[in-house]
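My notes follow the model.

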Amino acid sequence: MSVRERPATGPRRIWPVLLLVLACAAVLLIALPEDDREGDAACGPRTVASWAADDRATGEFARYGDDAARTDDWTGGDGTHSVRLPDGRLLWLFSDTFLGQVHAPPNPAGQPHTWRDANTPMVRNSAVVTSRSGAPRRTLAAPLFPDPAPQQWRWPVAARVEPRSPGADERVVRVLLWNRMASQGPWIYGVPVATEVATLALPDLRVESIVKVSDQRSVGDPEKRVLYGTTTVDDADWTYVFGGTDAQATSRPSSHAYVARVPHGRLAETAAWEYWDGEEWGPDVTPRPVLGDGRRTGVGSAFTVVREEGTYVLFTMAAGTEGLTTVTSYWSCSPTGPWHGPAKAFEAPLPKDGAPRQETAAYNPQAHPALGGDGRLVLSYDVNWLNATPANAQANISRNVSLYRPRFVSLRLAAAR
């Protein structure tokens with residue numbers, strides 16, 4: 001066959017095929033919601049490049065809690081979350097909180113620790129307001145969020161400032177709340193009941209309303225009940241609200257992560273919530289986990305998510321016994337996953353002031369964007385005494401008040417190799 005007779009394999013045949021491929025790709029991109037794609041040019045593997053204890057942030061709450069001149073303010077708490085207010089102040093939200101007064105060392109056992117009386121009042125939630133510089137200044141009347149019913153309580157989790165309604169100029173604070181109910185072991189910290197959203201007026205932070213957005217009482221198995229709000233991330237027109245289950249059984253050391261989304265300004269509208277079911281978003285779908293196999297991968301009951309250069313990074317305590325001290329991370333190009341990891345971990349520094357290491361644990365890593373900047377990310381974590389009997393744990397953290405307070409680390413992320 002001569003060159004002149006050779007079948008056409010050049011542009012005349014390639015162009016129709018190429019146009020067909022491009023057309024199909026365009027159809028797929030149109031059909032696939034933007035937030036479900038992994039094609040963000042800035043997205044890529046991220047991991048912890050370096051970290052160090054943030055003594056300044058840790059010291060601010062130590063000084064505030066140790067101030068013996070105050071008799072009815074915050075002296076310790078866990079479940080640490082924060083949000084920057086429009087006037088520059090920071091609002092800090094805590095779950096179980098000790099009020100009252102602290103005393104200089106030595107404690108009644110002769111140890112060199114600042115301490116509180118064993119009968120010091122504890123409330124289920126509290127809020128501390130800082131100055132614009134970040135120094136804690138006052139505790140709002142506690143509890144800020146009243147108990148919904150006898151033997152039930154509210155733990156505040158993520159909070160954000162958003163328009164009162166979509167497009168409105170007025171801003172309010174929305175606080176996600178976990179409604180829990182007293183129970184017996186292994187549910188010594190309460191059975192999950194519902195997710196609620198509180199609306200706080202600005203600038204006085206008065207609670208205007210509390211609405212229930214996800215009622216879990218119809219789910220018979222408490223381990224399968226999902227509470228939302230451990231962390232939120234904004235992207236485009238949506239607020240993504242992450243949540244999880246509580247894994248109490250020893251056969252499932254890791255909980256599962258879930259995600260919902262809500263248009264900006266509508267967190268307090270139950271009908272505006274959409275849940276991810278593994279394939280699509282919807283208000284009435286059956287939510288499916290986005291992370292967690294119950295063994296090697298998964299999350300603690302409280303975790304945090306940040307977005308850096310198009311990549312979502314999730315921080316959580318590690319699975320298994322490492323989860324008592326070690327913070328690990330996962331990354332994804334979409335809030336729905338797939339999530340990759342666990343990646344490089346770091347060990348959260350525990351107190352060195354007399355508390356036996358084997359009897360204390362770190363938990364609830366949370367990001368605080370208002371404290372970071374210039375590529376630096378600040379995480380808090382809580383520290384508690386390991387004891388299956390709450391009364392015994394409370395006695396030990398009252399003998400040494402530095403235990404039950406937030407501690408902070410400062411870290412930097414980098415591309416994973």
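I looked up Phe-61 and found it buried, with a relative accessible area of 3%; buried means under 20%, exposed over 50% and partly exposed in between, with a 1.4 Å probe and protein chains only. The model is predicted, local features need pLDDT of at least 70, side-chain atom pairs count only at pLDDT 80 or more, and totals for chains, interfaces and linings use all residues. Residues are numbered from 1 along each chain as its sequence is written, and side-chain values use heavy atoms, leaving out hydrogens and water.

I then checked Phe-94, which is buried at 0%.

Next I looked at Phe-98 and Tyr-404. Their ring centres are 5.6 Å apart with the planes at 75 degrees, so I logged the pair as edge-to-face. Rings of Phe, Tyr and Trp (its six-membered ring) pair if their centres lie within 6.5 Å; planes under 30 degrees apart are stacked, over 60 edge-to-face, and the rest tilted. Phe-98 is in strand E5 and Tyr-404 in the loop between helix H3 and strand E26, so this pair ties together parts 306 residues apart in sequence. Helices (H or I, at least four residues) and strands (E, at least two) are DSSP runs, numbered from the N terminus. Both residues, Phe-98 and Tyr-404, are buried.

I counted 16 aromatic pairs in the structure. Phe-61 and Phe-94 make an edge-to-face one, 5.8 Å centre to centre and 75 degrees between planes. I also noted one aromatic cluster formed by Phe-61, Tyr-64, Trp-74, Trp-92, Phe-94 and Phe-408.
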